[in-house]
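Subject: Structure handover

Hello,

Here is the structure I promised to pass on. Please open it first; my notes follow below.

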Amino acid sequence: QLSCLLRMVTLHGIPEDLDSYPKDLLLFLSPSDYAATGSCSQYFINVGEANLDVLPRESPQRKQLLLEALACLKIPGTQINQENAEILGRLLCDLDGEYIRSSGGILLKDLSQCESFLPDQEEAIRDVISSGNTTFGPPAAWSAFTLRELTGLIPVFDHNILQEIPK
(Lines give C-alpha, C1' and ligand atoms only; values in the text may rest on other atoms or scores of the structure.)
Protein backbone atom coordinates (compact mmCIF):
# COMPACT_ATOMS: atom_id res chain seq x y z
CA GLN A 1 0.00 0.00 0.00
CA LEU A 2 2.81 2.41 0.88
CA SER A 3 4.62 1.66 -2.36
CA CYS A 4 1.42 2.32 -4.30
CA LEU A 5 0.77 5.53 -2.35
CA LEU A 6 4.30 6.73 -3.13
CA ARG A 7 3.69 6.19 -6.85
CA MET A 8 0.56 8.34 -6.60
CA VAL A 9 2.28 11.08 -4.58
CA THR A 10 5.25 11.24 -6.95
CA LEU A 11 3.26 10.90 -10.19
CA HIS A 12 4.16 14.46 -11.19
CA GLY A 13 7.57 14.58 -9.53
CA ILE A 14 8.67 14.75 -5.92
CA PRO A 15 6.41 17.12 -3.97
CA GLU A 16 8.17 19.92 -2.07
CA ASP A 17 6.21 19.12 1.09
CA LEU A 18 7.38 15.49 1.15
CA ASP A 19 8.48 15.84 4.79
CA SER A 20 4.84 16.32 5.76
CA TYR A 21 3.91 12.84 4.49
CA PRO A 22 4.12 9.74 6.75
CA LYS A 23 7.75 8.77 7.39
CA ASP A 24 7.02 5.14 6.42
CA LEU A 25 6.40 6.35 2.86
CA LEU A 26 10.06 7.35 2.57
CA LEU A 27 11.14 3.72 2.96
CA PHE A 28 10.06 3.22 -0.65
CA LEU A 29 11.82 6.31 -2.01
CA SER A 30 15.51 6.37 -2.81
CA PRO A 31 17.75 9.06 -1.30
CA SER A 32 18.63 10.31 -4.78
CA ASP A 33 14.92 10.91 -5.47
CA TYR A 34 14.62 12.76 -2.16
CA ALA A 35 17.73 14.87 -2.85
CA ALA A 36 15.61 17.30 -4.88
CA THR A 37 13.76 18.34 -1.69
CA GLY A 38 16.48 18.04 0.93
CA SER A 39 19.80 16.55 1.91
CA CYS A 40 20.47 12.84 2.16
CA SER A 41 21.09 13.21 5.90
CA GLN A 42 17.63 14.78 6.31
CA TYR A 43 16.18 11.87 4.35
CA PHE A 44 17.84 9.38 6.73
CA ILE A 45 16.73 11.33 9.81
CA ASN A 46 13.18 10.87 8.52
CA VAL A 47 13.75 7.22 7.59
CA GLY A 48 15.24 6.65 11.05
CA GLU A 49 11.90 7.70 12.53
CA ALA A 50 9.91 5.41 10.24
CA ASN A 51 8.64 1.96 11.14
CA LEU A 52 11.36 -0.12 9.49
CA ASP A 53 9.41 -3.29 10.17
CA VAL A 54 7.23 -2.35 7.18
CA LEU A 55 10.13 -3.92 5.26
CA PRO A 56 11.17 -7.50 6.15
CA ARG A 57 14.33 -7.62 8.30
CA GLU A 58 16.61 -9.27 5.71
CA SER A 59 15.01 -7.70 2.63
CA PRO A 60 17.35 -6.31 -0.04
CA GLN A 61 15.48 -2.99 0.17
CA ARG A 62 16.15 -2.63 3.91
CA LYS A 63 19.82 -3.65 3.53
CA GLN A 64 20.19 -1.12 0.72
CA LEU A 65 18.74 1.65 2.92
CA LEU A 66 21.40 0.97 5.56
CA LEU A 67 24.22 0.90 2.98
CA GLU A 68 23.03 4.17 1.47
CA ALA A 69 22.74 5.76 4.93
CA LEU A 70 26.31 4.78 5.82
CA ALA A 71 27.52 6.17 2.47
CA CYS A 72 25.52 9.39 2.87
CA LEU A 73 26.97 10.01 6.33
CA LYS A 74 30.46 9.18 5.04
CA ILE A 75 31.07 6.79 7.94
CA PRO A 76 34.62 5.47 7.57
CA GLY A 77 35.10 1.94 8.82
CA THR A 78 32.68 0.52 11.37
CA GLN A 79 32.63 3.12 14.14
CA ILE A 80 29.42 5.12 14.61
CA ASN A 81 29.55 8.34 16.62
CA GLN A 82 26.65 9.77 18.65
CA GLU A 83 25.67 12.31 15.99
CA ASN A 84 25.42 9.65 13.27
CA ALA A 85 23.61 7.30 15.65
CA GLU A 86 20.92 9.94 16.11
CA ILE A 87 20.57 10.38 12.34
CA LEU A 88 20.38 6.62 11.72
CA GLY A 89 17.65 6.16 14.32
CA ARG A 90 15.96 2.78 13.86
CA LEU A 91 18.38 1.86 11.07
CA LEU A 92 20.85 1.15 13.91
CA CYS A 93 18.88 -2.05 14.55
CA ASP A 94 20.25 -3.43 11.27
CA LEU A 95 23.94 -2.79 11.97
CA ASP A 96 25.99 -5.96 12.16
CA GLY A 97 28.00 -6.98 15.19
CA GLU A 98 31.22 -5.38 13.96
CA TYR A 99 29.63 -1.91 14.05
CA ILE A 100 28.24 -2.57 17.53
CA ARG A 101 31.66 -3.68 18.84
CA SER A 102 33.57 -0.81 17.18
CA SER A 103 31.15 1.82 18.45
CA GLY A 104 31.28 0.55 22.02
CA GLY A 105 28.65 1.67 24.46
CA ILE A 106 27.51 4.63 22.34
CA LEU A 107 24.85 2.50 20.64
CA LEU A 108 23.52 0.57 23.65
CA LYS A 109 20.68 2.89 24.62
CA ASP A 110 19.56 3.23 20.99
CA LEU A 111 19.80 -0.51 20.40
CA SER A 112 17.55 -1.15 23.39
CA GLN A 113 14.70 0.25 21.23
CA CYS A 114 15.08 -2.54 18.65
CA GLU A 115 12.45 -5.27 18.41
CA SER A 116 14.87 -8.16 17.94
CA PHE A 117 18.48 -9.02 17.22
CA LEU A 118 20.37 -11.45 15.04
CA PRO A 119 22.83 -13.81 16.83
CA ASP A 120 25.83 -11.77 15.63
CA GLN A 121 24.30 -8.60 17.09
CA GLU A 122 23.48 -10.30 20.40
CA GLU A 123 27.05 -11.53 20.78
CA ALA A 124 28.42 -8.05 20.03
CA ILE A 125 26.08 -6.44 22.59
CA ARG A 126 27.21 -8.93 25.24
CA ASP A 127 30.87 -8.25 24.38
CA VAL A 128 30.40 -4.49 24.73
CA ILE A 129 28.51 -4.81 28.02
CA SER A 130 30.98 -7.33 29.46
CA SER A 131 33.88 -5.00 28.65
CA GLY A 132 32.39 -2.43 31.04
CA ASN A 133 33.77 0.24 28.72
CA THR A 134 30.45 2.05 28.31
CA THR A 135 28.84 5.16 29.74
CA PHE A 136 26.88 2.78 31.98
CA GLY A 137 30.06 1.23 33.39
CA PRO A 138 30.40 -2.46 34.23
CA PRO A 139 27.22 -4.38 35.10
CA ALA A 140 28.41 -4.61 38.73
CA ALA A 141 27.93 -0.83 39.00
CA TRP A 142 24.47 -0.69 37.45
CA SER A 143 21.39 0.62 39.21
CA ALA A 144 17.67 0.20 38.60
CA PHE A 145 17.88 3.35 36.44
CA THR A 146 20.50 1.70 34.21
CA LEU A 147 18.31 -1.36 33.76
CA ARG A 148 15.38 0.86 32.78
CA GLU A 149 17.59 2.58 30.18
CA LEU A 150 18.62 -0.80 28.74
CA THR A 151 15.32 -2.67 29.15
CA GLY A 152 15.20 -3.79 25.51
CA LEU A 153 18.63 -5.42 25.83
CA ILE A 154 17.87 -7.52 28.93
CA PRO A 155 16.80 -10.58 26.85
CA VAL A 156 20.27 -10.52 25.26
CA PHE A 157 22.14 -10.63 28.59
CA ASP A 158 23.74 -13.98 29.37
CA HIS A 159 24.13 -15.61 32.77
CA ASN A 160 27.52 -13.95 33.41
CA ILE A 161 26.15 -10.44 32.86
CA LEU A 162 23.01 -11.09 34.91
CA GLN A 163 25.08 -12.43 37.83
CA GLU A 164 27.15 -9.24 37.98
CA ILE A 165 24.17 -6.86 38.26
CA PRO A 166 23.54 -5.89 41.90
CA LYS A 167 20.20 -7.02 43.33
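The protein chain has 10 helices and zero strands. Read from the N terminus, the order of elements is α-α-α-α-α-α-α-α-α-α. Please keep in mind that this is a predicted model. The chain has 167 residues, and 41% of them are buried. Among contacts with a separation of 6 or more, 51% are between residues 24 or more positions apart.

Start with the largest pocket. Its volume is about 250 Å³. It is lined by 14 residues, and those closest to its centre are Lys63, Leu66, Asp94, Leu95 and Asp96. Two elements give two or more residues each to this lining: α4 (60–72) and α8 (119–131). Which of the elements gives the most to the lining of the largest pocket? It is α4, with five residues. By class, the lining splits into six nonpolar, one polar and seven charged residues. Both domains take part: domain 1 (1–94) and domain 2 (111–166) each supply at least three residues to this lining.

The second largest pocket holds about 180 Å³ of space. Its lining consists of Asn51, Leu52, Asp53, Arg57, Arg62, Arg90, Cys93, Gln113, Cys114, Glu115 and Ser116. Three of these residues are nonpolar, three are polar and five are charged. Here too, domain 1 (1–94) and domain 2 (111–166) each give at least three residues.

Note where Asp94 turns up. Asp94 is among the residues closest to the centre of the largest pocket. Arg57 and Arg62 line the second largest pocket. Both arginines pair with that aspartate, as set out next.

**Salt bridges**

How many salt bridges does the structure hold? There are seven. Three of them are worth a look.

Take Arg57 and Asp94. They form a salt bridge, with the closest N and O atoms 3.6 Å apart. Arg57 sits in the loop between α3 (40–48) and α4, while Asp94 sits in the loop between α5 (82–88) and α6 (97–103), so this pair ties together parts 37 residues apart in sequence. Are the two residues of this pair buried or partly exposed? Arg57 has a relative accessible area of 21%, so it counts as partly exposed. Asp94 has 16%, so it counts as buried. The cut-off for buried is under 20%.

Asp94 has another arginine partner, Arg62. In this salt bridge the closest N and O atoms are 2.7 Å apart. Arg62 is in helix α4 and Asp94 in the loop between α5 and α6, so the pair links parts of the chain that are distant, 32 residues apart. Both Arg62 and Asp94 are buried.

Now look at Arg101 and Glu123. Their closest N and O atoms are 3.5 Å apart, and they form a salt bridge. Arg101 belongs to helix α6 and Glu123 to helix α8, so the pair ties together parts 22 residues apart in sequence. Arg101 is partly exposed, at 29% relative accessible area. Glu123 is partly exposed as well, at 43%.

Salt bridges with shared partners also build a network. It joins Asp53, Arg57, Arg62 and Asp94. Of these, Asp53, Arg57 and Arg62 line the second largest pocket.

**Two residues to check**

Ile129 is in helix α8. Is Ile129 buried or exposed? Its relative accessibility is 1%, so Ile129 counts as buried. Leaving out residues up to four places away in sequence, Ile129 touches Leu108, Pro139, Trp142, Phe157 and Ile161. The C-alpha atoms of Ile129 and Pro139 are separated by 7.2 Å, with the two residues 10 apart along the chain.

Pro138 is in the loop between α8 and α9 (144–149). Its relative accessible area is 39%, so Pro138 is partly exposed. Pro138 and Glu164 are 26 residues apart along the chain, and their C-alpha atoms are separated by 8.4 Å.

That is the handover.

Best wishes

Conventions:
Residues numbered from 1 in each chain as written. Predicted model: local features only at pLDDT ≥ 70, side-chain atom pairs only at ≥ 80, totals over all residues. Heavy atoms only, no water. 1 Å grid on protein atoms, 1.4 Å probe; cavity = no way out; pocket = protein on both sides within 12 Å on 5 of 7 lines; lining within 4 Å. Points joined across faces, edges and corners; volume = space filled by probe spheres on them. Helix = DSSP H or I, 4+ residues; strand = E, 2+ residues; numbered from the N terminus. Nonpolar A, V, L, I, M, F, W, Y, C, P; charged D, E, K, R; others polar. Domains from an automatic or database assignment. Salt bridge = Lys/Arg side-chain N within 4 Å of Asp/Glu carboxyl O. Buried < 20%, exposed > 50% of the residue type's maximum accessible area, 1.4 Å probe, protein only. Contact = heavy atoms within 4.5 Å.
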